[in-house]
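This report concerns nonpolar cores and aromatic contacts. Please consult the sequence and the structure shown below.

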Amino acid sequence: MGRGYIVQDDVEGYLSKLCEQKADPVTGLLIGQSSTQRDFVVMAIRTPQKEESAAAARNSVDKEWVTEHARQVSRMLPGGLSVVGVFIITNADAKDALTTLRQLLFAVENLISSEHLWDPADDDVTDCVTLHINPKTRKTVCRTFDIKDPKSVAKPADWKYQSGLCSSWATVSCSLNVDMLLPLPNNRTSTGNMEECLKEGLKAWAHQIESGLCLIDGKRLPEDSELTVGQVENKRLTDVIEQCGGSVSVTGAIHSRAYLHSNKPKARLAEKRDVVSTVATRVQMMLEELLASDQESKGSCRDKQQKGLFCLPHRIFCPLKVSGPLCVCDYQFSDEGLSEVTERLKEMLDIDAAEEDLDTRQEMTFEITGCDITPGGHRVCVCKVDMHACVLCPDCPPFCCLGVAMATAVALLATAASMLYLNDI
Amino acid sequence: MVVVDSETATVLRVKGLLEFRCQLDGTDEQLVRNVISRTFETLRSQVKSESCVLAVSDSPVIIWPNKDAYATPEEITPSTLCEDMHQWIQADEQESSGKKSSKKKSKKSSVASVINLRLMTEVTKPGPLSAPILTKTVLKSHFVSVTLPLDCVVCTGRSDTIKDACEQLIEALTHQLCEMEKVTLQNMKGMTLLVPEPVHFLLPEPKGLVTVVYPVGVPDSQLVAQRKELHQQFELPDDRPYFRRANAYHFPNEPYKDGYLRNPHLALTHPTLDNGKVYLVQGIYSYHHYMQDRVDDNGWGCAYRSLQTICSWFQQQGYVELPVPTHKEIQQALVDVGDKQASFVGSRQWIGSIEVQAVLSHLLGLTSKILFVSQGAELASKGRELANHFLTEGTPVMIGGGVLAHTILGVAWSETTGQIRYLILDPHYTGAEDLQVITDKGWCGWKGPDFWDQTAYYNLCLPQRPKVI
């Protein structure tokens, strides 16, 4: 008795179109949601073409390219949605196809889970799906593998199309304040080391989010066992003051969102994971940008930047054409235009979106209008409490959460402004 | 310090962890103090802000104290009485120290029922808000990172509402942060900082529950001056400790980690004698008996166990920091003072009151009085002496004679009729830490004068309290 995947019928059309293309093989990712009771696939995304690929190379599967694509796509999925499998459209022998699929699946899923800052839950579903379509006969072979088990064998699975799959999905969202202050180690303040610090800091912060309370519509459900009684308190007597080479902080707010088919308890988990991954993704993207520009400037005066201020990219949502609330997201840097976002959506997710479709209202870009140094030239910043309560707007229905509060936005800017430093170029 | 009196209907205890983080650009003392004070001020505003949240443990109740006591679920309003919150709390688990008969429960503590709350911060806000900024500062400096363990207690009367409670709780939290700031600054030495931690003490009526902030890691011996001040402030006698860490109040709903029963005698009904009064051990002791700690001392260890009970009393009243000694440690002590040969250690030889006195002196630095009776029948006439002992010293008494050793925890004595009863804690019990069994079967119970072997002689060891604070 294998798993049964219920698939949005648009996917059938999409895969059909891919079958008609001359290329062979065509690989891609399957996006959806898996739970212990049900498995859903809402979208299929073909692996983008590699620009410089020679004709010969196009006929083979580039595992690295596929996994890198999966990594990028994974960042563009809000909570509740993930890469649940891979597909291949090829005339090749079914057995070979399955072997290729298995390799891709493990590579993809291992890479994606290695980037997670949270520990997998005991009841997380670890089965992922592979789909092999023969372009001539249109025959589909659907199998699942348990990616937790490297020796896992293929198990048969059902693949059923259904329309209006997503119309009744629930959306859970919130806007969350981030306030992290981390020391940089002495003598090692290059971008590379900042990355290490940030990763550690993010892990600790992710743990706080994980162990915090999440209320849905202002209610705490009775099975809430998120708070562990009698937490181990780490009393570090000697480490209270340590020498450091500086500090790095991340402050601001993020909009988090998750989509769920059913099952409220998992809603909190999906939401928390989205909160953690959206912050981690942006920090990662920022670091990648910095490392790239470091390399460009040949890294000769690596630490000449005494103080630096970097705006993390903000999150933009783009609705999927399927009926229902589902959206994917992307991150826009302050120096990018919306056209770059639509380009990325096309390249990475094979989505045709117009700029008007994009929802840019959830987060605002921070504009640096002025700079200030506090007297004494130093800053004082306090991190938030160990435990957190995430509360969704109590007066909003569960299917959408859009609040417009310009006053709040201004207040945040005002306080943030007093903690800025001059940006040395 | 927060004081709780006996009019309290419900005690609210809020605990939480606040992260204290700041960067120190220099080592100039004034600069450091300023930054630390400023950071505490930020924490105080956090506690007073709208994002401060109190979550009632073991219940779905969550309160925003600074938003006019808005709470969820909706049935809870700012005018809900505090004591009504009990309905929302899941039934407390039985204490790990064994089953209790519910009738006796109300006698246990002088403090009313406790509701535990957790301090939290709401990090969600209605959107949209500004996307995050990453700020990097390169500057050789010092980074301070401490987790402050907040723990406040507030008393509420019968007519106090949630709103009233919130005001008191926020005030208590802010006050505690002020105390912590004081203690932190007082104990700063150059670039080392000690974590301040709150400790609760139950003072004699009417003073009730009091909270003191001590620096973590500083032993009691270095805090004498602070304790002197506290004794003065609360008008307490200066010859017995009330504010040592070991004196910390143990809340009724917190299980003891070591698994020993505490004060099983409190579950008993005391005898009433004509013109008689009951004189009991003061403070807290643990019940030590045969077969505990995986030591099979059945048949020979009774005096050792009684000695352990006595040691546990001195430890829990804060007179000594030494943990309760094992049989071997007791035997070694006797070898060390020359009372026994080296072969004594590891043996199953009995000890008596004199040995108990020697060990208390050698290991714990305590003096004890020995009382001798040539016949068990004479014990009935020792009512006055025992009553006086429990009045002034209040320590458990070890009695050895015949072939048995016991612990006397109190007497019921009538000055006029001479009637006497002895509250006995029997170390010969071999079962589990089951309060029901122990009290029902009389392993801790009141005995009459015929309990003693009327013809055997007995020695009693009466440990004396050191006169310290």
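The sections below describe the model's cores and then its aromatic pairs.

## Basis of the model

This is a predicted model, in which local features need pLDDT of at least 70, side-chain atom pairs count only at pLDDT 80 or more, and totals for chains, interfaces and linings use all residues. Residues are numbered from 1 along each chain as its sequence is written, chains are lettered from A and ligands numbered from 1 in the order in which they are written, and side-chain values use heavy atoms, leaving out hydrogens and water.

## Nonpolar cores

A nonpolar core is a set of buried Ala, Val, Leu, Ile, Met, Phe, Trp, Tyr and Cys residues joined through side-chain atoms within 4.5 Å; buried means under 20% relative accessible area, with a 1.4 Å probe and protein chains only. The largest such core has 79 residues, and those touching the most other members include Trp205(A), Leu345(A) and Leu134(B).

A second, separate core comprises 62 residues, among them Tyr304(B) and Phe390(B).

## Aromatic pairs

Rings of Phe, Tyr and Trp (its six-membered ring) pair if their centres lie within 6.5 Å; planes under 30 degrees apart count as stacked, over 60 as edge-to-face and the rest as tilted. The count over all chains is 20 aromatic pairs. Phe20(B) and Phe40(B) form a tilted pair, 4.9 Å centre to centre with 50° between the planes. Phe20(B) lies in strand E1 and Phe40(B) in helix H1 of chain B, 20 residues apart. Phe20(B) is buried at 2% relative accessible area, and Phe40(B) at 1%.

How values were computed
Buried means under 20% relative accessible area, exposed over 50%, partly exposed in between (1.4 Å probe, protein chains only). Helices (H or I, at least four residues) and strands (E, at least two) are DSSP runs, numbered from the N terminus.
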